Amino acid sequence: MELANKIQDAFEYVTADSVLKESAREFLAVQRRKKSPVFLHQPIYRILAAACMLFVLLCGAGGYAGYSWLFAPVSYISIDVNPSVELALNRLDRVVSVSAYNKQGEELLAGLSLRGKKYTTAIDLIAESRILRKYLAADEELVLTVAADSSREEALKEGVEKSCRHIGHGSRSVSVDLDVVSQAHGHGLSVGKYSAWLQLSQYDDSVTVE
């Protein structure tokens, strides 16, 4: 009973979105099934094992370790057409924050609830929005740029490419090094817009970031 109370307190202590909490449960369940002994596949043991793992995860180092694990951005996807927005993803490929890099991007994000959603779902919601459809109808090119480490890049790129095929309208995806993120944000740009400038500057050094 005491263990159950501690677990409950842990969930109440961590101010995480319910969607992200559920993502952590799903992720830990998958990992546990891959590595756990046979006896842990019994329902009661599965519940206790998952609860204990979540308790350690979310309460470690006074709650900070669990919070960091769940909310720290580790990869980024920018969506640029005229509106310029960027999704920051956690280790579960869920959206932990969304940023707009121009006024059109702010208009695009207004009214959209993306935090906690799988990145492919977030991309679909953005693509289906009235604001973005207006630009796509004008045959503007939509570029989705992935910035991730080597362990995540391939899977994220695959998901983004599927979204591009679904969106159509000349949508395409590119990948950049994760190091580009801090440089782009330092200039107040999404990784996609900054990557485009890097490419352009190779052919015309008179083109400035501004």
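1. Strands here are DSSP runs of E of at least two residues, and helices are runs of H or I of at least four, numbered from the N terminus; two strands pair if DSSP finds at least two bridges between them. The model is predicted, so local features need pLDDT of at least 70 and side-chain atom pairs pLDDT 80 or more, while totals for chains, interfaces and linings use all residues. Residues are numbered from 1 along each chain as its sequence is written, and side-chain values use heavy atoms, without hydrogens and water.

2. An open sheet of five strands has the order β3-β2-β1-β4-β5, with mixed pairing. At its edges, β3 (95-100) and β5 (172-176) each pair on one side only. The average twist from one strand to the next is 20 degrees.

3. Strands β1 (residues 75-80) and β2 (residues 84-89) run antiparallel and are joined by six bridges. Ile79 has Val85 in β2 as its bridge partner.

4. Helix α6 (residues 119-127) packs on the sheet, in contact (heavy atoms within 4.5 Å) with β1, β2, β3 and β4 (143-147). Its direction makes about 160 degrees with that of β2 (angles between N-to-C directions of axes fitted to C-alpha atoms, for helices over the stretch in contact, from 0 to 180 degrees). Helix α8 (residues 150-167) also packs on the sheet, touching β1, β2, β4 and β5, and its direction makes about 165 degrees with that of β5.

5. α10 contributes the most to the lining of the largest pocket, with five residues.
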